[in-house]
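This report walks through a protein model by way of its helices and its aromatic rings. Please look over the sequence and the structure before reading on.

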Amino acid sequence: MPKEAPTKVSKRASPDDKKKRGKKDPNAPKRALSAYMFFSQANREKVIKENPGAKFGEIGKILGARWKELSDEEKKPFVEQAEADKKRYEEEKAKAG
């Protein structure tokens with residue numbers, strides 16, 4: 001006697017199953033940036049000029065590689081910026097409620 005094939009269950013969620021997110025508060029404080037993001041902002045234009053044909057993802061890879069090559073001493077100014085930005089964010093968040 002042949003076995004019955006198992007019935008397939010759809011993994012797709014129906015529109016009723018999706019949880020709806022609330023609207024994002026446009027007045028909410030912007031999140032703090034990481035030290036890497038400050039480094040990236042400071043060096044992105046330089047990398048683009050050095051690699052004019054590079055695509056967006058390639059530029060990110062170059063910036064990531066350069067960040068890894070930096071010593072702790074070279075990263076220090078960016079880390080300090082990130083710490084200051086984190087304090088700013090915490091203060092704004094506390095004021096917002």
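Is Trp67 buried or exposed? Trp67 is buried, with a relative accessible area of 14%, where buried means under 20% relative accessible area, exposed over 50% and partly exposed in between, for a 1.4 Å probe and protein chains only.

## Basis of the description

The model is predicted, so that local features need pLDDT of at least 70 and side-chain atom pairs count only at pLDDT 80 or more, whereas totals for chains, interfaces and linings use all residues. Residues are numbered from 1 along each chain as its sequence is written, and side-chain values use heavy atoms, with hydrogens and water left out.

## Overall architecture

The protein has three helices and zero strands, and from the N terminus on its elements run α-α-α; helices (H or I, at least four residues) and strands (E, at least two) are DSSP runs, numbered from the N terminus. Of its 97 residues, 16% count as buried.

Among contacts with a separation of 6 or more, 71% come from residues 24 or more positions apart, contact meaning heavy atoms within 4.5 Å. Ala28, in the segment before H1, is partly exposed at 35% relative accessibility. Ala28 and Glu92 are 64 residues apart in sequence and 8.4 Å apart in space, C-alpha to C-alpha.

## Packing of H1 against H3

Helix H1 (residues 35-50) and helix H3 (residues 72-96) pack at an angle of about 120°, with their axes 7 Å apart. That makes H1 oblique to H3. Axes here are lines fitted to C-alpha atoms, for helices over the stretch in contact, and angles run from 0 to 180 degrees between N-to-C directions; those under 35 degrees count as roughly parallel, over 145 as roughly antiparallel, 65 to 115 as roughly perpendicular and the rest as oblique.

On the H1 side, Ala35, Phe38, Phe39, Ala42 and Asn43 meet Phe78, Val79, Gln81, Ala82 and Asp85 in H3. By class, this contact of H1 with H3 has seven nonpolar, two polar and one charged residues, with Ala, Val, Leu, Ile, Met, Phe, Trp, Tyr, Cys and Pro counted as nonpolar, Asp, Glu, Lys and Arg as charged, and the others, Gly among them, as polar.

## Packing of H1 against H2

H1 and H2 pack at an angle of about 120°, with their axes 9 Å apart, and are therefore oblique to each other. The H1 residues that meet H2 include Tyr36, Phe39, Val47 and Ile48, and their partners in H2 include Phe56, Ile59, Leu63 and Trp67. By class, the contact of H1 with H2 has 10 nonpolar, four polar and three charged residues.

## Aromatic pairs

The structure holds five aromatic pairs, in which rings of Phe, Tyr and Trp (its six-membered ring) have centres within 6.5 Å, planes under 30 degrees apart counting as stacked, over 60 as edge-to-face and the rest as tilted. The rings of Tyr36 and Phe39 have their centres 6.5 Å apart and their planes at 35°, so the pair is tilted. Tyr36 and Phe39 lie three residues apart in helix H1, separated by about one helical turn; Tyr36 is partly exposed at 25%, whereas Phe39 is buried at 5% relative accessibility.

The rings of Trp67 and Phe78 have centres 6.3 Å apart and planes at 65°, so this pair is edge-to-face. The pair links distant parts of the chain, with Trp67 in helix H2 (residues 56-69) and Phe78 in helix H3, 11 residues apart. Phe78 counts as buried at 14% relative accessibility. Ring pairs link Tyr36, Phe39, Trp67 and Phe78 into a cluster.
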